[in-house]
Amino acid sequence: MTESIISRLSAVGRVPEDIRHAAAQQRKFDQENTERSVGFVMLDCSGTTMDRYVDAPATVFVEVFKKYGLEITMPEAREPMGLRKDLHILAITQIKSVRERFQAKFARTPNQSDVDAMFADFVPTQLALLRAGSYHDLLPGVADVVKGLQQQGIKLGVTTGFTRDMMDLLLAGAAGQGFVPDTACAGDEVEMPRPTPYMVIKNLERMGVYNLENALRRTVKVDDTVSGAGEGAPLCWRVGVSKWSNYVADSWDAVRKMSPAELAAKERASKEKLILESGAHYVIDDLRDLPAVIADINLRLAAGENP
């Protein structure tokens with residue numbers, strides 16, 4: 001009589017590794033995404049692939065707070081950039097200077113009902129601006145870079161702090177310029193958005209990934225904000241892009257008025273902030289530098305290194 005496989009269990013029920021990895025289901029996990037090379041790139045929208053200096057949401061935050069009865073500065077509006085937009089509004093109300101002015105204006109501290117009311121105004125205001133403007137115009141080099149990545153077989157995903165409706169408007173405009181990602185996930189499609197990895201994971205799910213651990217090791221997330229360049233930690237490679245970032249200027253119009261030296265100083269400060277605060281593995285100027293980063297990550301993966 002053949003000995004039962006049960007006899008090979010340990011006293012506490014541990015299954016031997018050879019038996020476990022021989023199971024058909026486990027083999028499927030073991031054999032997927034085993035390549036030691038980049039297979040997935042997740043890109044942000046504003047400040048990374050389009051909308052230089054992240055003008056679209058910044059101007060709306062200022063407008064929404066003003067309509068609510070409280071003036072905020074552009075730096076205050078931009079400070080939490082990268083977060084999902086309702087959480088961004090909440091973060092603005094938690095800035096000390098904003099909180100003090102709110103208290104002086106309304107004789108109380110801001111609460112969730114204030115955040116909800118402002119977000120309810122933010123959504124239609126932002127959608128109207130995106131429909132009317134050209135915020136989907138791709139940044140220099142983006143179309144060529146994404147085409148090159150896709151020709152290499154790398155799948156592209158998008159994550160954003162915008163809602164799905166807002167993201168869809170931007171991607172529809174970008175499609176005609178050659179930017180058509182394989183998948184996309186907006187901030188309102190996950191319970192815990194940036195800087196957690198769940199939008200990255202949702203993109204991988206939509207790509208049909210089976211072995212999440214292996215796929216994340218092969219994933220690169222690219223973003224111009226601290227929370228966005230931290231998105232995916234500690235599971236995937238992260239890249240900050242500084243040249244067109246939220247941290248460079250209050251607006252594209254403001255940049256046009258800067259001297260070359262002033263703009264260079266702003267760009268340097270943006271890069272320094274991402275280096276010091278995001279935890280990113282790489283910080284580069286813009287997407288045109290990404291192919292060299294991917295080549296370097298491929299070398300690190302081939303040498304056995306993980307994010």
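How many bridges join strand β1 and strand β2, and in which sense do they pair? I looked up residues 40-43 (β1) and residues 155-160 (β2) and found four bridges in the parallel sense; strands here are DSSP runs of E with at least two residues, helices are runs of H or I with at least four, both numbered from the N terminus, and two strands pair if DSSP finds at least two bridges between them. Within this pairing I noted that M42 has G157 of β2 as its bridge partner.

I kept in mind that this is a predicted model, in which local features need pLDDT of at least 70 and side-chain atom pairs count only at pLDDT 80 or more, while totals for chains, interfaces and linings use all residues. Residues are numbered from 1 along each chain as its sequence is written, and side-chain values use heavy atoms, with hydrogens and water left out.

**The sheet.** I then followed the open sheet, whose six strands run in the order β3-β2-β1-β4-β5-β6 with parallel pairing. β3 (183-186) and β6 (282-284) each have a single partner strand, so one side of each is left without a neighbour in the sheet. The twist from one strand to the next averages 20 degrees, angles being taken from 0 to 180 degrees between the N-to-C directions of axes fitted to C-alpha atoms, for helices over the stretch in contact. Across β1, β2, β3 and β4 (219-223) I found helix α10 (residues 198-206), which runs at about 145 degrees to β3.

**L43.** I picked L43 in strand β1, which counts as buried because its relative accessibility is 0% (buried is under 20% relative accessible area, exposed over 50%, partly exposed in between, with a 1.4 Å probe and protein chains only). Leaving aside residues up to four places away in sequence, I listed its contacts (heavy atoms within 4.5 Å), among them G157, V158, F179 and L287. The C-alpha atom of L43 lies 9.0 Å from that of P181, although the two are 138 residues apart along the chain.

**The largest pocket.** Its volume is about 250 Å³, which is the space filled by probe spheres set on grid points joined across faces, edges and corners. A pocket is an open set of points on a 1 Å grid over the protein atoms alone, where a 1.4 Å probe fits, with protein on both sides within 12 Å along at least five of seven lines, and lining residues have an atom within 4 Å of a point. Of the 15 lining residues, P75, R78, E79, N246 and Y247 lie nearest the centre. I noted that α14 gives the most to this lining, with three residues.
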